[in-house]
Structure formats: structure tokens, C-alpha cells
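Me: I am new to this structure. Please show me how to read its features, one at a time.

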Amino acid sequence: MAYIIAFLCSILISVSSPTIALSSNYYDKTCPNVESIVTNAVKSASLKDKTVPAALLRMHFHDCFIRVMMTYIMLLNSTANNKAEKDGPPNVSLHACPGVVSCADILAFAARDAVVISGGPTWDVPKGRNDGRTSNTSETIQLPAPTFNISQLQHSFSLRGLSIEDLVALSGGQTIGFSHCSSFQNRIQNFNATYNTDPSMNPSFAASLKSVCPIKNRAKNAGVTMDPSSTTFDNTYYKLILQGKSLFSSDQALLTIPKTKDLVSKFASSTNSMIKMSSLTGGQEIRKDCRVVN
């Protein structure tokens, strides 16, 4: 089975700071055991809570897209005058060798380990990112929305130096995790003036979503898993798109132009997109505590 690379951030070296170069051996002398420390922590947390891998993957993706990986801003606490990104609508700490290993690199390791634990591939994470000092909940609007069409998706990814191939590959991260009704409600109720439900959706699938997400009397945290194998990193996401059983408008949008439609149909295993997105850099410090700036 082809394992498709997902929501991560590993190779645009120095997009925002050309003088910063990442390397695979960055911590060999200063903190040689950092990756095993992170791996053990992720494994331990995942045994207690099966939703941890999906959460780590989403967090890494969000951190990469906001402020172009001004990194590990997701864990900064809110203050009296500023609501941090981790408290923003799209977002729901671990540290090793404080002051030596950046929180951004730790999150990149953890996201990679989350994919591996879920049955996906491994890859070498380029190291040497700095941590950012700014975190604003308002900036979560920079994330690709589930309602985006293909033009909006291409624009959002291209701003970060990511190609159409990267867009389709990284979208595969939606094979694990959970979605609230609000992210796909637009497709199952009042779709447009002609159709109440998105006609591209499989009718039985749409009916099942409506039963979970009725217009009225919906539970606060109502929603569905991303796919039936929601804790396994596999290519089910792509199969469901072709069957008309994808959740988001942005998923269905991948079938609207020949290039992305072909990639959805034929995507094979590759770690290039993972590495590419994860190397966005541009922070200013190595934080001692991931929740506060130095």
C-alpha cells in the first residue's frame, strides 16, 4: 500500500531567512539523544491517547503555514493583551536539552514520529530551526480552509514555495484524525441555490454526515473521523475522494483540474514534500520553555 506524505514541514531551506541552513547532524554534539527522547515521549503519549499522532501532525502543519515557520509558535501561551494561536479556532509540551534544541525542531521530530507510529514512512528531519517570538490567533486565517477551491489551494501553497505535487501529497495527512461538523457543513446543507447537498458527494455518505451533523440540536463536539482507518496513516484519503466520500470542499477540489486529479489517482510513496515543507525557517531564538519566549 502506498503511504502518502502528509501535513508536515521539512525542506524549503531558508525560505524566509536565506542565511539559515538546516542540517541532519545539527545536534550530534550538543544533544545527540534528542530524537530518541522525542520518539519515546510520542510513543508513550500515543499509547495513552490514540488521537495524539493526528494532533501532532496538525500542529506541525499549522505552525508551518502561520508566519512561514517562525517556528514553534503554537505552544506560546496567551497573555492579557494577546490571544495566542494555540487558543485559536483551528488549534485545539515537550522539551529536550532546553536552550539547545529548538521547540520547532522538537515539533518536527514529533510529527515525523506520529506518522511512523500510525504506520507511515520515516524520513530524516533537517535540523537547526529557531523559535519565533510572536503568536496571534488572528493569523490562523492563513491556514488553507476546508472550503477552498483549487485556485485558492494552489495560491496558499505556492506562497510557501510548495508545488501542486506537494499540495496533493500533503493533503494526504487528512487520512488520520477527526473533523468537526463546521468544516464540512457547507457541503451537506444549503450547498447552493440548486442543490441542498453537494452533488459530487456520494448520496449515502452525505446522508450519514447529515445524521451526525443535523442543522439543529447538534452536539457541541459533533463530527466524524477523517476516514474509516482514522488512526492508520495510509492512502484511504485518496480512495475516498475518488468515491465521492471526501469530507471537505478542498478535498473534492483536487479532482477539478487534470493535474491534481491524476495525482490523486496515482500518488505513490515519497518523503520529498514532507521534508520540503518542514524546512521553512525564520525564528529568532532557541526557547528554554516552549510556552514562553526567552
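Reply: Start with exposure. Buried means under 20% relative accessible area, exposed means over 50%, and partly exposed lies in between, with a 1.4 Å probe and protein chains only. Tyr-26 has 40% relative accessibility, so Tyr-26 counts as partly exposed. Tyr-27 counts as buried, at 2%. This is a predicted model: local features need pLDDT of at least 70, side-chain atom pairs count only at pLDDT 80 or more, and totals for chains, interfaces and linings use all residues. Residues are numbered from 1 along each chain as its sequence is written, and side-chain values use heavy atoms, with hydrogens and water left out.

Me: How many aromatic pairs does a search of the whole structure find?

Reply: First the idea. A pair of aromatic rings is described by the distance of the centres and the angle of the planes. Rings of Phe, Tyr and Trp (its six-membered ring) pair if their centres lie within 6.5 Å; planes under 30 degrees apart are stacked, over 60 edge-to-face, and the rest tilted. The search finds two pairs. The ring centres of Tyr-26 and Tyr-27 are 5.0 Å apart and the planes stand at 85 degrees, so this pair is edge-to-face. Tyr-237 and Tyr-238 also form an edge-to-face pair, with 5.0 Å between centres and 85 degrees between planes. Tyr-237 is buried at 5% relative accessibility. Tyr-238 is buried too, at 3%.

Me: Where is Ser-265 placed?

Reply: Helices (H or I, at least four residues) and strands (E, at least two) are DSSP runs, numbered from the N terminus. Ser-265 sits in helix α10, residues 258-266. Ser-265 is partly exposed, with a relative accessible area of 45%. Ser-265 and Tyr-238 are 27 residues apart in sequence, yet 7.1 Å apart in space, C-alpha to C-alpha.

Me: Which residues of helix α5 are buried?

Reply: Helix α5 spans residues 164-171, and six of its eight residues are buried. They are Asp-166, Leu-167, Val-168, Ala-169, Leu-170 and Ser-171.

Me: With which residues is Asp-113 in contact, leaving aside its neighbours within four places in sequence?

Reply: Contact means heavy atoms within 4.5 Å. Asp-113 belongs to helix α3, residues 103-117. Asp-113 is buried, at 5% relative accessible area. Its contacts beyond those neighbours are Glu-35, Val-38, Thr-39 and Val-42.

Me: How many disulfides does a search of the whole structure find?

Reply: A disulfide is a covalent bond between the sulfur atoms of two cysteines. The cut-off used here is a pair of cysteine sulfur atoms within 2.5 Å. The search finds two. One joins Cys-31 to Cys-97, S to S 1.9 Å. The torsion about that S-S bond is about 75 degrees, so the disulfide is right-handed. Cys-31 is buried at 3%, whereas Cys-97 is partly exposed at 26%. Cys-181 and Cys-213 form a disulfide with sulfur atoms 2.0 Å apart. The link of Cys-181 and Cys-213 is left-handed, with -75 degrees about the S-S bond. Cys-181 lies in the loop between β2 (178-180) and α6 (185-188), and Cys-213 in the loop between α7 (203-212) and β3 (223-225), so the pair ties together parts 32 residues apart in sequence. Cys-181 is buried at 1%, and Cys-213 is buried at 0%.
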